[in-house]
Every structure is written in structure tokens, then in C-alpha cells.
Amino acid sequence: MHEYSVVRELLAAVLPRLEGIDGRIQTVFLRKGELLVLSDRALEAAFDLLAEGTRLAGSRLSIEETGARVRCPACGYEGPAGRLADEGFHVAIPILSCPQCQGPVEVRSGRELVIDRVEVLTPEEASPAAGA
Ligand SMILES: [Zn+2]
């Protein structure tokens, strides 16, 4: 499954940066481009499995979807991709055509997966009774 290799790379990037940081890792915040075809649920399942036995064991993955941005070479439009909101599907599907002239567009962003931040609970916060 694609999500597993994605999460594996993610952990390989995050774990070295956590060395020397005290405390318990609470949450890993991700930003996922809306054009990236990855299932949130599969990412979370892969994270739970692969985090086992690492500093990240027991922490949570939080995935925030970010909108795609496109550029139209024909009219110069640059901004969010158009969306087709279909009541029948209950989702808004990004349409990769220019919202102004309906021409084909270049995708500027929307296919990235970025580690936004990692929430760490310091030892003091983890046990509020200590030192009281
Ligand atoms: Zn255009």
C-alpha cells in the first residue's frame, strides 16, 4: 500500500529531529495537498503500526488538507483551483481548469505532504503533580 511507504519516509524524516527533545510526543501535524490521492484513514493506520517501538509510539497523526493552487498560462489567473460541488457526492471535487477562462492550468501546489509541526508534552506537563 502506498500509504505505508509514505509514512515510512515521514518517520525517517521526523525521528532524527526528535533526538535530544525531552518529553512525550503527542501529535504529529501533517498538511496534505488535496490533489494527493492518499487515504487519511490508511495514513493513520500505517502511522500507528510503524510508530510502534519508536519515540512516536502512542502519538497521534493529525492531517489537515490544504487546497490546491493553479496557474493559467492563457489568462494569467493564479489561485485556488475551481471546484465542482456536487450535492449528490457530498464533496467538492477540485477541477483542474481555469475558473476564469476554463482553460487548462498548471498545478502550483496541492500534491505535497508536509510535516507542519510536532506537539511534544514536556515531562513537567506530562505529570503535573511532580514538583508540586
Ligand atoms: Zn485562464
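Phe29 stands opposite Arg117 in strand E8. Strands here are DSSP runs marked E of at least two residues, and helices are runs marked H or I of at least four, numbered from the N terminus. The model is predicted, so local features need pLDDT of at least 70 and side-chain atom pairs count only at pLDDT 80 or more, while totals for chains, interfaces and linings use all residues. Residues are numbered from 1 along each chain as its sequence is written.

Strand E1 covers residues 24-33, and eight bridges join it to E8, the two running antiparallel. Two strands count as paired if DSSP finds at least two bridges between them. E1 and E8 belong to an open sheet of three strands with mixed pairing, in the order E2-E1-E8. Strand E2 (60-66) and strand E8 (113-121) each have a single partner strand, so one side of each is left without a neighbour in the sheet. On average, neighbouring strands of this sheet are turned by 20° against each other, direction ignored. Such angles are taken between axes, which are lines fitted to C-alpha atoms, for helices over the stretch in contact; they run from 0 to 180 degrees between N-to-C directions.

Strand E3 (residues 69-71) pairs with E7 in the antiparallel sense over three bridges. Within this pair, Arg71 stands opposite Glu106 in E7.

The helices come next. Helix H1 (residues 2-18) lies across E1 and E8 and runs at about 45° to E8. What angle do the axes of H1 and helix H2 make where they cross? They cross at roughly 50° and come within 9 Å, with H2 spanning residues 40-51. That makes H1 oblique to H2, since angles under 35 degrees count as roughly parallel, over 145 as roughly antiparallel, 65 to 115 as roughly perpendicular and the rest as oblique.

The contact between them involves Glu3, Tyr4, Val6, Val7, Arg8 and Leu11 of H1, together with Ala42, Leu43, Ala46, Phe47, Leu50 and Ala51 of H2. Two residues are in contact if their C-beta atoms, placed from the backbone, lie within 7 Å. By class, the contact of H1 with H2 has ten nonpolar, no polar and two charged residues. Ala, Val, Leu, Ile, Met, Phe, Trp, Tyr, Cys and Pro count as nonpolar, Asp, Glu, Lys and Arg as charged, and the others, Gly among them, as polar.
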